[in-house]
Amino acid sequence: MSATETGPDTVTPPAAPAVQPAVPAPAVGRARTLLLLAIAAAAFNLRPAVAALGPMLDRIWDSLHMSAAVAGVLTALPSLCFAVVGLLAPALARRIGPAATVCAGMGAVALGLAARALAPGSALFLLLSAVALAGIAVTNVLMPVLVKRYFPDRVGPVTGLYSMSLALGTSVSAAFAVPLTSALGGSWRVGLAVWSLAAVAALLLWLAQLALARRSGLGETAVPAAERRAAFRISRSRTAWALTLFFGLQSTAAYAIMGWMPQMFQDSGISATESGVLLAVTMLVSAPLSFVIPSLAARRPDQGRIVLVLAGCGMASYAGLAFAPAAAPWLWAVLAGFSGSAFPLLLTMIGLRARSAEGVARLSAFCQGLGYLISVPGPILIGVLYQREHGWYGPLALLAVLLVAQAVVGLRAARPRQIEDEV
């Protein structure tokens, strides 16, 4: 598929119009439909690499002789990879196209998930996990770009589609990680490797989409050099910084919950299997919300009320997990799922806060690169606090304080502004 955006303040000399062959409408329709399917398939694979670890983290600790601090590094590794690699994604997408970049990312996910299951030690396990997470990182950044470029009039619904698919992938992997591992013989290595099959399926869809797009005359083109030079300094935008802080704080909460919620429930006497199911409930609840919230947010000029409602749900969940985790575990899981819907809300706001696909690419990379970097210390600190206190009061108090800060910066990010006007 081809799409051309003009960067801000770009002046190009007039050129003779090129005669392009007409692309049949059915070919365009098939290519767009396949692109939607490929986007949904890629989104499904953005969290199993992380969510499937939580319910089996204790088995991996024992098998690879990890300390709690190293396990904390493992839970923080997604944020670190997403920060470092995410910042590089727009430059790669400008040269080979965002769809081709996402296709390569799915290949990295499939390879990393399959290979890490064979790792004999914790160092190689972390390294191969980073390979899969690097593929996820470029996809994270470029999803809003694909939506803005190819579906500019349907930002809310298409964002909702891939957000819902992402939530489904998270919930399915969390719910079935332990039962599937048991059904396959009990080895955590087999239980983790099986998720690479979903990534292979997504990779095949993206290869088919790229092939169909080229045959239809809709293949991607690199962004012209003039547009690449027309960069604006996004760091001057207050809205960009508010979105970045909001992203970092919600990511801290999300990866802390995915990495540690099963352990919270297990420490209160709930079985490992049920703890995995409860984490799945948290992710499953966010699936329909991930479809509904972007559509609601796209219809409102200011998304501040949604920010506050989601933060209130998160605060109630933390209180329940701290003081009575076994009393109403399903309620705390559901409330945590509502709070986690800040992620699709944020993705929608990224698409709404810039006018062009190039602007969205820069904003998405800025928010996700720096935002994930901000979130790196959180899961590690939670692991350290848990190891020191042998309880969850301190870690959950920290998450509550960060949630208040998230609501404050979220209100600023929710204002109807566009970054091009601020820089």
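Colleague: Starting with Trp392, is this residue buried or exposed?

Modeller: Trp392 is buried, as its relative accessible area is 9%. Buried stands for under 20% relative accessible area, exposed for over 50% and partly exposed for what lies in between, with a 1.4 Å probe and protein chains only.

Colleague: And what kind of model is this?

Modeller: It is a predicted model, in which local features need pLDDT of at least 70 and side-chain atom pairs count only at pLDDT 80 or more, while totals for chains, interfaces and linings use all residues. Residues are numbered from 1 along each chain as its sequence is written, and side-chain values use heavy atoms, with hydrogens and water left out.

Colleague: How many helices and strands does the chain have?

Modeller: The chain has 20 helices and zero strands. Both are DSSP runs numbered from the N terminus: helices are H or I with at least four residues, strands are E with at least two.

Colleague: How much of the chain is buried?

Modeller: Of its 423 residues, 58% count as buried. The accessible surface is about 16,300 Å², and carbon and sulfur atoms hold 68% of that. The area comes from the Shrake-Rupley method with a 1.4 Å probe, and for residues only the protein chains shown count as cover.

Colleague: Which residues have the most contacts inside the largest nonpolar core?

Modeller: Phe125 and Trp206 do, in a core of 132 residues. Helix α7, residues 122-150, gives the most to this core, with 16 residues. A nonpolar core is a set of buried Ala, Val, Leu, Ile, Met, Phe, Trp, Tyr and Cys residues joined through side-chain atoms within 4.5 Å.

Colleague: What is Trp206 in contact with?

Modeller: Leaving aside neighbours within four places in sequence, the contacts of Trp206 include Leu35, Ile39, Val102, Met106 and Leu146. Contact means heavy atoms within 4.5 Å. Across the chain, 86% of the contacts with a separation of 6 or more are between residues 24 or more positions apart.

Colleague: Now the rings. How many aromatic pairs are there?

Modeller: The structure holds nine aromatic pairs. In one of them, Trp260 and Tyr386 have ring centres 5.9 Å apart and planes at 55°, so the pair is tilted. Trp260 is in helix α12 (residues 238-267) and Tyr386 in helix α18 (residues 377-389), so this pair ties together parts 126 residues apart in sequence. Both Trp260 and Tyr386 are buried. Trp260 and Trp392 also have ring centres 5.9 Å apart and planes at 55°, so that pair is tilted. It links Trp260 in helix α12 with Trp392 in the loop between α18 and α19, 132 residues apart.

Colleague: What counts as a pair, and what as tilted?

Modeller: Rings of Phe, Tyr and Trp (its six-membered ring) pair if their centres lie within 6.5 Å; planes under 30 degrees apart count as stacked, over 60 as edge-to-face and the rest as tilted.

Colleague: Which residues do ring pairs link into a cluster?

Modeller: Phe82, Phe247, Phe343 and Tyr372. Arg47 lies over the face of Phe343, at 5.2 Å from the ring centre. For a charge to sit over a ring, NZ of Lys or CZ of Arg must be within 6 Å of the ring centre and within 35 degrees of the ring normal.

Colleague: Changing topic, where is His390 found?

Modeller: In the loop between α18 and α19. His390 counts as exposed, with 68% relative accessibility. Its phi is near 55°, a positive value in a residue other than glycine. Most residues other than glycine have a negative phi.

Colleague: And Ser339, where does that one sit?

Modeller: Ser339 is in helix α15, residues 329-340. Ser339 counts as buried at 11% relative accessibility, and beyond its neighbours within four places in sequence, it is in contact with Leu310, Cys313, Gly314 and Leu403. Gly340 is in helix α15 too, and counts as partly exposed at 40%.

Colleague: Last one: which residues does Ser165 touch?

Modeller: Ser165 touches Ala40, Ala43 and Phe44, not counting residues up to four places away in sequence. A polar atom of the Ser165 side chain lies 3.4 Å from the backbone nitrogen of Phe44. Ser165 belongs to helix α8, residues 155-183, and is buried, with a relative accessible area of 9%.

Conventions:
A polar contact is a pair of N or O atoms within 3.5 Å; within protein, one must be able to donate a hydrogen and the other to accept it, and residues adjacent in sequence count only if both atoms are side-chain atoms.
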